[in-house]
Amino acid sequence: MSKWHISRRRMLKGLGASVALPFLQAMVPPGMNYYNMPKKPVRFSCLFMPNGVNKEFWTPERYGSNFDLSLTLRPLENLKNEILVLNELMNKGSIFPGADGHYAKDSNLLTAFPIYKTVGDNLHSGGISFDQLVAQQKGQDTPFDSLQYGMERINAGIDGAVGFTRLYGSAISWKTPTMPCTKEIEPRMAFDRLFRTFLPDNKKKDQTWKQSVLDLVKEDADDLQRILGRADQDKLEEYMESIRSVERRISDQERNKAFADQITPEIQKELIHLNLRIEEFNETHVGVDITEKTRQMLDIMTLAFWSDATRVTTFMFGNSVSNRNFSFLPGVSGSHHQLSHHQNNPAQLEEYRIINEWHVDQYAYFLERLRSIPEGDGNLLDNSIVMFASGLRDGNSHSPYNLPVLVGGKGGGGLKTGQNLQFKKETPLSNLYLSMAHVMDMPMECFADSTGELCEIYA
Amino acid sequence: MKPIITFYLLILLFSFTPLFAVDKEEDAEVDHVKVIQPIVEKHCFSCHHDTKRSGGISIKAFFMGLEDQFEGRIVRGGKLWMHIMETVKTGEMPPAGEPNMTVEERETLLNSVNTILIRSLNANNPGRVVIRRLSHNEYQYSILNLVGVDYDAKSLFPADGSGGAGFDNFPNTLFLTPLKMERYYDAAEEILEKAYADPQKWRNMVPKSYKPNLFTRIYNWFLSLFTGNSYVDAPMKAAEEVIIPFASKAFRRFLESKEKEAYLSLFQKVYEGTDDKNRFDIAVMETFKAVLISPNFLYRFEEEQPVNQPYALSNFELASRLSFFLWSTLPDSELFEVAYREDLQDPEILTKQVKRLLNDPKSKRFSESFASQWFGITKLKESSPVDPERFPEFTPSLRESMYQELVEYFHYVLAESQNLLDLLDSDYTFLNEELAQHYGIQGVKGDELRKVTLTNRNRGGILGMGSVLTATSLPIRTSPVLRGQWVLEQILGTPAPPPPPDAGELSEEESGAENASIKDLLVLHRSKAECMSCHQKMDPIGFGLENFDPIGRWRDGYGDQPIIAWDTLSTGEIFKGPAELKQILISKNELFARNFSEKIFTYAIGRNVEFKDELYIKELVENLLENDFNTEKFIIALVNSYPFRYKVNDESAKFRILASN
């Protein structure tokens with residue numbers, strides 16, 4: 001890059017954020033002009049926290065850009081200018097007759113529609129989740145259109161008390177209204193799926209015949225379609241779709257090469273390091289402190305964004321109603337869901353808050369990781385939108401009003417971060433999705449029950 | 001709707017008989033939905049619509065959308081409609097203050113609803129099961145039987161959810177996503193490589209390898225020069241003898257000739273495209289890989305016949321249902337042979353096979369899968385639900401022993417004692433040294449679980465088992481509410497409704513002080529009207545089990561506070577301690593029978609119990625009551641039942657026309 005190149009960032013610093021920037025030829029890298037300068041893709045991620053928050057210590061004092069972080073949001077101290085705290089949003093899809101408990105408020109966090117009340121017969125999330133819409137439109141140039149990660153296995157059984165299958169509580173990403181995405185919960189497997197082949201000692205698998213094998217089973221599926229009833233055919237379509245997706249991954253040489261080219265020596269160094277950490281953790285893991293495991297997952301997501309393996313991810317800190325034992329945190333002795341039903345007992349409220357803060361701390365870790373990676377004129381975080389949310393506000397009353405929602409990253413320059421914003425009471429959460437779509441240049445007229453955009457968040 | 005109510009309502013329904021003794025000819029002319037709709041519209045909609053839902057019921061919801069679906073919806077909601085008709089009949093509805101129905105309106109309404117419901121029961125509708133992917137259990141055992149490799153599918157594959165009555169073999173909650181497909185492919189590769197590395201296992205699958213010696217190779221080459229025939233004839237023949245039996249076993253049927261060709265041509269392609277000296281094995285392995293990811297292997301399905309009435313499953317399809325039900329795996333060679341040479345639909349032949357499968361050790365897979373999911377203890381297999389600091393004595397080995405105790409016990413009940421009521425109470429259980437010590441029982445040595453006779457009857461049956469008691473506790477303390485609800489739901493099949501919307505969770509969870517809270521809880525729940533009606537049903541049962549601590553040990557008090565383990569059930573029975581509580585549950589064995597019948601029906605067939613199944617369920621319940629809860633007779637009856645052996649196509653509209661004739 002020649003010396004006369006001036007980054008937008010430095011311009012901003014020099015001029016102060018209040019001045020609208022004129023476009024200067026000097027900001028364009030050599031050999032480029034305004035029209036062919038490659039725009040870095042915007043990445044989208046959503047981190048889901050189960051069981052709500054201690055509401056007393058969530059919302060920061062004062063609104064606008066001059067706000068003080070609340071006790072629970074303290075871990076974001078160094079990131080205050082990179083985040084938006086959004087207040088008074090609610091998911092209206094989570095209010096319907098029979099929407100008791102958590103499932104009806106978590107499973108549809110990203111669809112903003114009511115889910116069907118069912119123990120399994122007609123699973124339905126109301127709609128395609130926002131992340132999957134982004135994946136459809138923005139994920140087609142990367143090896144994976146999206147990735148779903150989490151920390152807990154799907155809970156077995158049905159919740160007889162509220163009449164939902166627990167499957168609902170294990171998914172926020174819905175590829176179709178009737179099919180949840182499968183999430184990966186083991187760092188080892190998540191890592192290997194993306195990066196195994198880029199480790200130095202890796203033995204490449206012989207894939208000579210893979211396509212022939214897939215061709216044959218596709219034929220099997222075609223034959224099968226002919227002897228099945230309609231509902232069966234619909235179900236088997238999942239199989240066809242999955243085969244096609246596996247095929248795409250082996251046959252698209254160009255994309256595979258493009259991905260391999262992205263793996264710079266720097267990224268490879270990180271990969272080797274993370275691989276060792278995962279190995280070490282699996283050997284010494286005693287099953288209590290899950291901070292390291294969570295961070296490994298977040299690191300894999302960071303690397304996936306960095307290497308452009310994908311541009312869309314979701315991460316569930318726990319399943320809906322998660323009752324993870326958080327006694328490894330100083331000041332906590334008990335489990336998450338249990339403590340979230342604090343009954344206004346001050347001691348339990350504080351334990352609940354400490355658990356909330358742990359989640360925010362991991363979120364801050366992820367944002368810091370993204371910020372540490374230079375990209376274009378800025379860093380990876382500048383080109384990302386990282387949402388953090390829970391489907392409940394107060395876990396004790398299962399309140400779906402005024403959800404705790406944070407958004408980190410500048411979304412490629414479209415977001416005005418560093419604000420604590422209060423919207424009108426009961427503003428639809430879907431307005432946020434519509435606005436984020438806008439920031440990502442996705443054509444979208446409305447999303448679920450959206451009533452407008454959150455103009456205050458635009459840069 | 002709760003099964004118990006259904007059961008009584010069913011009896012009630014049949015007592016309506018004079019009301020629906022309708023003239024058959026006239027009946028065919030009348031569209032009963034059209035008769036019902038204006039009456040309920042006039043009298044019921046104003047309160048029972050979707051947003052108001054008085055009493056949690058929306059009658060309007062039945063009459064929205066496409067008109068030709070109304071009747072199907074009424075049938076599916078049949079239990080609710082029986083309840084509605086009962087309130088109309090007694091005059092409870094429409095309520096005082098609202099305009100009454102005229103006598104004629106009431107009679108017409110009752111008549112038409114009953115006609116629709118009765119018609120659905122008489123329609124002999126076996127229902128249909130949607131195509132389903134193998135559950136991870138079924139995959140693991142199928143691979144074991146097919147390849148001989150034990151692949152831990154449950155740990156290695158992303159988990160599935162549960163549906164229906166809470167089982168992981170429910171079609172609508174088993175998905176195949178791209179990630180899972182990748183895993184299936186990788187698994188097939190890994191499994192076959194493992195088998196290949198073990199000559200014994202490989203030879204079981206590939207008894208004849210084709211390895212031409214030098215002479216044959218020259219001879220073949222020589223021949224090909226003159227005849228123009230491909231020199232691969234010999235290996236192709238060898239391959240056919242290996243691949244076709246393997247694929248038939250995997251697909252649970254014979255292959256169509258088109259399929260044979262397709263698989264053999266894959267073999268040929270790989271064989272001819274490889275130079276390796278083991279190319280025969282390599283080509284076989286690639287072909288097997290295709291078998292293991294084929295939808296014919298990964299899915300259980302039944303071919304749809306082009307007919308409008310219910311039809312019997314084919315012999316092979318029935319063999320599959322049976323084998324996956326009792327063994328969680330593919331039919332073995334004997335069952336396959338019987339399906340091929342004899343008529344499995346013949347009750348005698350079918351019964352003989354059921355007995356054989358039940359007596360085989362493989363039936364323990366059913367015991368484990370069914371019982372661990374029914375009683376909700378699968379979570380113990382994976383991780384500890386209790387707080388490790390509070391209960392360091394709850395070791396992984398103890399947890400495993402608890403889990404195994406229930407599995408062994410259930411299997412013994414199924415296969416040996418054959419008395420299902422032993423689940424509720426008995427004088428034996430299965431213990432090893434660690435678990436016996438945990439229970440305070442002397443004289444059991446070693447790690448092996450074995451049958452032990454109990455002297456203290458508080459312990460016998462699943463309610464005295466560590467696994468159940470732990471799974472129904474909170475991490476640091478017991479929860480009478482959870483235990484009570486568990487008994488209502490899993491044993492009696494009469495769960496209490498959920499707490500009112502956003503009423504907050506059960507308030508016992510907040511109180512930290514173990515010894516103080518129990519009494520307070522009792523008082524609190526019974527002082528609030530909105531809590532009382534349900535907690536009155538749950539709490540007393542839970543208190544009856546308070547002598548068992550959060551990890552299932554016996555205790556006589558909380559520290560120095562005494563335990564109040566006596567109470568009165570909402571139905572009036574008085575008891576003191578677990579042993580007496582169990583006797584009360586045994587006296588409610590009809591509820592237990594019905595709940596068990598519904599659970600196992602769902603597990604075995606793969607769909608939820610619906611109103612139209614009432615008669616079949618009733619037969620199953622009677623079977624238990626008449627045969628002293630004999631398990632073998634019950635399973636034979638279930639497998640011989642119409643819904644197990646038949647299916648109907650999914651076009652409900654067509655079926656309805658048929659049913660009304």
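How much of H9(A) is buried? Mostly covered, this helix has 12 of its 16 residues buried. Among them are Met297(A), Leu298(A), Ile300(A), Phe305(A) and Trp306(A). The buried list also includes Thr294(A), Gln296(A) and Asp299(A).

## Nonpolar cores

In soluble globular proteins, nonpolar side chains tend to be buried together. Here, the largest nonpolar core has 234 residues. Which residues have the most contacts inside that core? They are Leu47(A) and Phe48(A) from chain A, with Val284(B), Leu406(B) and Leu638(B) from chain B. Two domains of chain B, domain 2 (132–300) and domain 3 (368–498 + 511–587), each supply at least three residues to this core.

Setting aside neighbours within four places in sequence, its contacts are Leu109(A), Ile172(A), Thr314(A), Phe315(A), Met316(A), Phe317(A) and Ala389(A). Another core, of 19 residues, lies apart from the largest one; Phe62(B), Trp81(B), Met85(B) and Leu121(B) are among its members.

## Where the two chains meet

Now to the contact between chains A and B, to which chain A gives 59 residues and chain B gives 63 residues. On the side of chain A that touches chain B, the elements giving two or more residues are helix H5 (210–226) and helix H6 (230–251). Of these, H6(A) provides the largest share, 11 residues.

What classes of residue make up this side of chain A? There are 24 nonpolar, 24 polar and 11 charged residues.

## How confident is the predictor?

For the complex, the predictor gives an ipTM of 0.84 and a pTM of 0.85. Chain B has a mean pLDDT of 85, with 86% of its residues at 70 or more.

Two stretches of chain B call for some care. Over residues 504–516 of chain B, pLDDT stays under 50, and the model has 26 contacts beyond four places in sequence for them. Residues 652–661 of chain B also have pLDDT below 50, with 14 contacts in the model beyond near neighbours in sequence. Where pLDDT is low, the predicted coordinates should not be read in detail.

Terms used
Residues numbered from 1 in each chain as written. Chains lettered and ligands numbered in written order. Predicted model: local features only at pLDDT ≥ 70, side-chain atom pairs only at ≥ 80, totals over all residues. Contact = placed C-beta atoms within 7 Å. Helix = DSSP H or I, 4+ residues; strand = E, 2+ residues; numbered from the N terminus. Nonpolar A, V, L, I, M, F, W, Y, C, P; charged D, E, K, R; others polar. pLDDT = per-residue confidence, 0-100. Buried ≥ 20, exposed ≤ 12 C-beta atoms within 10 Å, placed from the backbone. Core = buried A, V, L, I, M, F, W, Y, C linked by C-beta atoms within 7 Å. Domains from an automatic or database assignment.
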